[in-house]
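My entries are kept in the order in which I made them.

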Amino acid sequence: MENISDATKHFIDLRRHMWIAGIEVDLRRLIWQIAVTGKYISSKIQESNRKLAGLENIYGEEQLALDMSSDQIIKHQLEFSGFVSHYASEERDSIIQIGGGKGKYIVTADPLDGSSLVNTNLAIGTIIAIHRESILTGGDKSLVAAMYITYGPLITMIYSAGNGTHEFVLNREGEYVLSEENITLGERGDIYSIGGLRRDWTQGHLDYIRYLESEGYKLRYSGGFVPDINQILIKKGGIFTYPTLKSHPNGKLRLIFELQPMAFLMEQAGGMATDGRQRILSIQPKALDQRCPVYIGSKYEVEKAKAFLGD
Ligand code: AHG
Ligand code: MN
Ligand code: MN
């Protein structure tokens, strides 16, 4: 029986995969360093979960909300990377300068997506985008890489630097090893993941959802954007939508922190992402916390949504 290190040498780990893909060295190192924060955030989730550690740590300090502590873990990691000039997070009101502000990249984070699900033991995640220029110039003009980490029964990480979309799993040795390369969606799938209250939907959206139901789509919605998107990628098709609501015309999800990175990953996997009319990655953000309706997944379902919404 090969010993563990021999057994894993046949695996492609994250750094080797990015090197083979010819990704620029600083970007490779940055992606890897961010992937490593997943281990720290995961242990924070374990430690902070009220079922395990109570509401205070052993020093009696007030436990920071997990969103905030995850945000701090990421920021500290970026400070020592040397590659990042600015950092923007869903947990902060403004973009902050990192170090001397001389790094090549700007990083955006939803440090903990689905934090309201922590005590239900459902999967949650971290969503990251890496930009070359100002994040307010618009998705595909500045976005060079995106990734997310899913904290579920396994810790998995999906990334793309424009070289396709790939999944890695954190193994017992703490390495991210390749589990699925070049994830490619089919033309259509058979699952739909739908947010918002039915009574708040517009008529066009309601008609679209009724069409999917008439086609026999199966409902798969956890309330966590990361696992809900992850299942569409891993099942190779389907649709996730958090639409315009009568009460919230811009929907709920955040363009910069959640939708742009997921749109990048989905397009690299042969899928699509739109706000119902235009491509998510073509939308010029006007504000850091801008929200946006979203239809994201395999082409057939996204195109159908545009037809029902009258593109
Ligand atoms: P976050 O925890 O980062 O605020 O994100 C929560 C989001 C997203 O994860 C999910 O798709 C959506 O909230 C679910 O909203 P509802 O609870 O309205 O379904
Ligand atoms: Mn979120
Ligand atoms: Mn969040």
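**Entry 1: the chain as a whole.** I noted at the outset that this is a predicted model. I looked up the secondary structure and found ten helices and 13 strands. The radius of gyration is 19 Å, close to the 19 Å given by the globule rule for 311 residues, so the chain is as compact as a globular protein of that length. I then took the extent of the C-alpha trace along its principal axes, which is about 55 × 45 × 40 Å.

Entry 2: Among contacts with a separation of 6 or more, 62% are between residues 24 or more positions apart.

**Entry 3: the manganese ion (ligand 2).** Which residues coordinate this ion? I found Asp110 (OD), Asp113 (OD) and Glu258 (OE), at 2.0 to 2.1 Å. Along the sequence these donor residues follow the spacing D-x2-D-x144-E.

**Entry 4: the manganese ion (ligand 3).** Here the coordinating residues are Glu90 (OE), Asp110 (OD) and Leu112 (O), at 2.2 to 2.3 Å. Their spacing along the chain reads E-x19-D-x1-L. Glutamate 90 sits in the loop between strand E1 (84-89) and strand E2 (96-97), while aspartate 110 belongs to strand E3 (residues 105-113); the pair, 20 residues apart, links distant parts of the chain. I recorded both glutamate 90 and aspartate 110 as buried.

**Entry 5: the two ions together.** I looked up the separation of ligand 2 and ligand 3, which is 3.7 Å, and noted that aspartate 110 coordinates both manganese ions.

**Entry 6: methionine 262.** I located methionine 262 in helix H9 (residues 255-268). Is methionine 262 buried or exposed? Its relative accessible area is 1%, so methionine 262 is buried. Leaving aside neighbours within four places in sequence, I listed its contacts as Ile127, Tyr148, Phe225, Val226, Ile229 and Ile296. Lastly, I noted that methionine 262 and glycine 297 are 35 residues apart in sequence and, C-alpha to C-alpha, 9.8 Å apart in space.

How values were computed
Residues are numbered from 1 along each chain as its sequence is written. Chains are lettered from A and ligands numbered from 1 in the order in which they are written. This is a predicted model: local features need pLDDT of at least 70, side-chain atom pairs count only at pLDDT 80 or more; totals for chains, interfaces and linings use all residues. Side-chain values use heavy atoms; hydrogens and water are left out. Donors are N, O and S atoms within 2.8 Å of the metal (3.2 Å for Na, K and Ca); water is not among the atoms, so sites may look incomplete. Helices (H or I, at least four residues) and strands (E, at least two) are DSSP runs, numbered from the N terminus. The radius of gyration is taken over C-alpha atoms; the globule rule is 2.2 Å times the number of residues to the power 0.38. Contact means heavy atoms within 4.5 Å. Buried means under 20% relative accessible area, exposed over 50%, partly exposed in between (1.4 Å probe, protein chains only).
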